[in-house]
Amino acid sequence: MPTDDERLALYGAQTRIRLFEKRAYDLFLRNLVKGTSHLSLGQEAIAAGFAVAMRPDDYTFATYRGHAHVLARGAPMAAVMAELLGRDTGLMAGKGGSMHLTSVRHGAMGSYAIVGAHLPIAVGAAWSAQYRGSGQVAVCFFGDGATNIGAFHEALNLAVVWELPVVFVCENNLYMEYTPIAAVTAVPRPAADRAAAYGLDAVVVDGNDADAVHTVAAESLTRARDGGGPSLIEALTYRHGGHSRADPAKYRPPQEVDAWLARDPVTAYRERLLKHGVPPEVLDGLEAEARQAVDKATQSAVAAPPPSPGRLLSQVWANGGASWRG
Amino acid sequence: MARLTYREAVRRAIAQEMRRDERVVFLGEDVAAAGGVFKATPGLLEEFGPRRVRDTPISEQAILGAAMGAAMTGLRPVAEIMFSDFLAVCWDIVANEIAKTRYMTDGQISLPLVIRTANGGGLRFGAQHSQSVENWAMAVPGLKVVAPADPADLIGLFAAAVRDPDPVLFFEQKSLYPVRGEVPDGELLDTLGTARVLRNGADATLVALAAMVPRALAAAELLAADGIGCTVVDLRCLVPLDVTTVLDAVAITGRLFTVEENPRLCGWGAEVASLAAEEAYGALTGPIVRITTPHIPLPAANILEDLAMPSAARIADTVRKSLG
């Protein structure tokens, strides 16, 4: 179980992500965010639970639904917001966008938009950590849909064979894009039921409970750091909105949506901490802090200039340029 | 100086770089204990141990994903994809991940890695184990593309690829594995993006790559007997592309012929031809001519495969007819 300090950190992280994602949604509606975007509203406890348990030099590999994970690792909110708005001050100077948030100095080693592709890449980072004896762990988050793509299976097999320090975390929000995962998967638990195929324990956790996620995270991280090899964790959760900006999510039964909204991870966690004796003003303070940070990030991102045209032909190669001529 | 086969050069090249730099690791299917299906990597496991030379499952996405993840976190992996045809199995990792990550992250992530792969035809393996696919790689921004034609170049260019901070696809033409060449002693280090003029002549420029280089040279011999002088350029790298060397040769001869093992459409020669047309138009005294494999899957039977790939005789005939 997390300590009292860790619990405050878990609440703070969840609140920051919640308020950031709500603001991001508002900015889509105002057409300040172009392209597509995939929010983690409702899934905050998983990002928070892991990030609080991780060492600062551990690696996070996220998907296109990655705002939460990159923020949870400590990437500056203003730079994340600016990246969504396509500004010069964005995390990647506007060259990646919402689906590719990366902040290497915070251990956020990329957000990957081809489903399943980053599982083998996380395996490689774990291999490198093992090779260098650095004690780092790679944590790879992916959706339930990724469990049906070949790269998932290739990555799990190699990670187990090489006993690598990697934690695979399936954020099972019950829908692969618009289709129920159960309708297209041979087993009821898309990740946990596959664990036995790789000699791993089937671990299912309530992904809407930051304490439970933190506990499982701490165990799997310790196991990986101690040379115990990979873990596969299935965290059950639900997104409050659609798959992406374009999706009103009308395919989900209203009773199901209501039941999950009633299990909102952020409000439930607040209630738990209050019951635990945390003074409400402490939680209010964390919330006010988060709100302020989001406001400030929004103001600075909106005011920031667009990327200079010179960015276009930069950083294809390590020499900073884009020339293909010898 | 030693006379090594192209196959032996592979082993020497990998060993040279692994001895030099502890961060260099090598992975692939059957590369360690078995020494590679083309027997290009024997002895590396014995010298460098199982920590640095690793057999993998038949999981091309995992092989290249592992190489990418290792490269972004401090190692300099060399990954083998046994046949270049199998790049299609893991093209997502190559084209969507490895090629784009530096740009998308605005330089936060560097990927110093090398993907070695046995490329091309001539071994009667049929359509799924014989393709020349270097033009696939050339078409994706963010990848460097190397294809050496002789053992000394292979070692020097491989060393340059390993030490390069960007991802490199390193095509070893499998029909060249048994071919011998002079290799200087000691450490070899070459420069990516530099073509080499192998022969000078005043009448035609033949630009070739990998296994087509010895055939272009043989064609130049045949043509010399007819009094036609050829300049033969070994391109060696497609990205970076040494445009200057090619256009300088065209400026002298006025005629450009590309000799390509890849199927016709969108082969690298089309890019070279367009560069010459755009940037050396005034120097041209006749049409640019591409000599390629027809636009077909490669057949297995020896007589058909030989017909498909440009031969010295076909190259010479084409040049002769074109020069009229």
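## Two chains and their contact

In this predicted model, 37 residues of chain A are in contact with 43 residues of chain B. On the side of chain A that touches chain B, three elements each supply at least two residues: β2 (108–112), α5 (118–132) and α6 (150–161) of chain A. Of these, α5(A) gives the most, with 11 residues.

### A helix pair in chain A

Staying with chain A for a moment, have a look at helix α1 (residues 4–29) and helix α10 (residues 265–275) of chain A, which pack with their axes 10 Å apart and at an angle of about 150°. Because angles over 145 degrees count as roughly antiparallel, α1(A) is roughly antiparallel to α10(A). The crossing of α1(A) past α10(A) is left-handed. On the α1(A) side, the contact is made by Arg7(A), Leu10(A), Tyr11(A), Gln14(A), Thr15(A) and Arg18(A). From α10(A) come Pro265(A), Val266(A), Tyr269(A), Arg270(A) and Leu273(A). The residues of this contact between α1(A) and α10(A) divide into 6 nonpolar, 2 polar and 3 charged.

### Chain B as a whole

Now over to chain B, which holds 12 helices and 14 strands. Its C-alpha atoms fill a box of roughly 60 × 40 × 40 Å along the principal axes.

### The seven-stranded sheet

One open sheet of chain B is formed by 7 strands in the order β3-β2-β4-β5-β7-β6-β12, with mixed pairing. Its edges are taken by β3 (53–55) and β12 (237–239) of chain B; each has a single partner strand, so one side of each is left without a neighbour in the sheet. From one strand to the next, the twist averages 20°.

Inside this sheet, strand β2 (residues 24–28) and strand β4 (residues 76–83) of chain B run parallel and are joined by 5 bridges. If you want to find a specific pair, Val25(B) stands opposite Pro77(B) in β4(B). Helix α3 (residues 60–71) of chain B lies across β2, β4 and β5 (114–119) of chain B, and runs at about 165° to β4(B).

### The five-stranded sheet

Chain B also has an open sheet of 5 strands, again with mixed pairing, in the order β9-β11-β10-β13-β14. Here β9 (196–199) and β14 (289–293) of chain B stand at the edges with a single partner strand each, so each has one side without a neighbour in the sheet. The twist from one strand to the next averages 25°.

The pairing of β9(B) with strand β11 (residues 230–234) of chain B is antiparallel and spans 3 bridges. Within it, Val197(B) has Val233(B) as its bridge partner in β11(B).

| Helix of chain B | Strands of chain B touched | Angle to a strand |
|---|---|---|
| α9 (residues 243–253) | β9, β10 (204–208), β11 and β13 (256–263) | about 175° with β11(B) |
| α12 (residues 312–323) | β10, β13 and β14 | about 155° with β14(B) |

Both α9(B) and α12(B) touch β10 and β13 of chain B.

Terms used
Residues numbered from 1 in each chain as written. Chains lettered and ligands numbered in written order. Predicted model: local features only at pLDDT ≥ 70, side-chain atom pairs only at ≥ 80, totals over all residues. Pairing = 2+ DSSP bridges. Helix = DSSP H or I, 4+ residues; strand = E, 2+ residues; numbered from the N terminus. Axes fitted to C-alpha atoms, helices over the stretch in contact; angles between N-to-C directions. Contact = placed C-beta atoms within 7 Å. Parallel < 35°, antiparallel > 145°, perpendicular 65-115°, else oblique. Left-handed = near helix turned anticlockwise from the far one by under 90°. Nonpolar A, V, L, I, M, F, W, Y, C, P; charged D, E, K, R; others polar.
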